[in-house]
Amino acid sequence: MPIKVTCSCGATAMVKDEYAGRTGECRTCKVQLSSGNRQSLML
Ligand SMILES: [Zn+2]
């Protein structure tokens with residue numbers, strides 16, 4: 001199921017489960033993000 005991720009800039013995204021455990025960058029502010037658990041995102 002999709003993972004909901006919220007960036008510190010306030011942007012939110014639904015990330016596919018296949019991207020869990022990865023890191024990515026916010027497409028709004030380009031900051032490097034992770035969810036804090038093993039779930040991460042690829043925006
Ligand atoms: Zn952001």
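**Entry: the model.** I note that this is a predicted model, in which local features need pLDDT of at least 70 and side-chain atom pairs count only at pLDDT 80 or more, while totals for chains, interfaces and linings use all residues. Residues are numbered from 1 along each chain as its sequence is written.

**Entry: the chain as a whole.** I found 0 helices and 4 strands in the protein chain, and the elements run β-β-β-β from the N terminus on; here helices (H or I, at least four residues) and strands (E, at least two) are DSSP runs, numbered from the N terminus. Of the 43 residues of the protein chain, 9% count as buried. I also looked up the contacts with a separation of 6 or more, and residues 24 or more positions apart account for 18% of them, a contact being two residues whose C-beta atoms, placed from the backbone, lie within 7 Å.

**Entry: β1 and β2.** I traced strand β1 (residues 3-6) against strand β2 (residues 12-15) and found them antiparallel, joined by 4 bridges; two strands pair if DSSP finds at least two bridges between them. Within this pairing, V5 has A13 in β2 as its bridge partner. The hairpin has 5 residues between the strands, and G10 takes a positive phi near 105° there.

**Entry: P2.** Which residues does P2 touch, not counting residues up to four places away in sequence? I listed M14, V15, K16 and D17, and I placed P2 itself in the segment before β1. P2 and D17 are 15 residues apart in sequence, yet their C-alpha atoms are 5.2 Å apart in space. P2 counts as exposed because it has 10 C-beta neighbours inside 10 Å.

**Entry: A11.** I located A11 in the loop between β1 and β2, where it is partly exposed, with 15 other C-beta atoms within 10 Å. Leaving aside residues up to four places away in sequence, A11 touches C26 and T28. For R27, which is 16 residues from A11 along the chain, I noted a C-alpha separation of 8.7 Å.

Entry: Where is K30 placed? I found K30 in the loop between β3 (24-25) and β4 (32-33), and its phi is near 70°, a positive value in a residue other than glycine. K30 counts as exposed because it has 10 C-beta neighbours inside 10 Å. S34 is found in the segment after β4, and with 14 C-beta neighbours inside 10 Å it counts as partly exposed. The C-alpha atoms of S34 and G24 are separated by 7.0 Å, the two residues being 10 apart along the chain.

How values were computed
A residue is buried if 20 or more other C-beta atoms lie within 10 Å of its own, exposed if 12 or fewer, and partly exposed in between; C-beta atoms are placed from the backbone.
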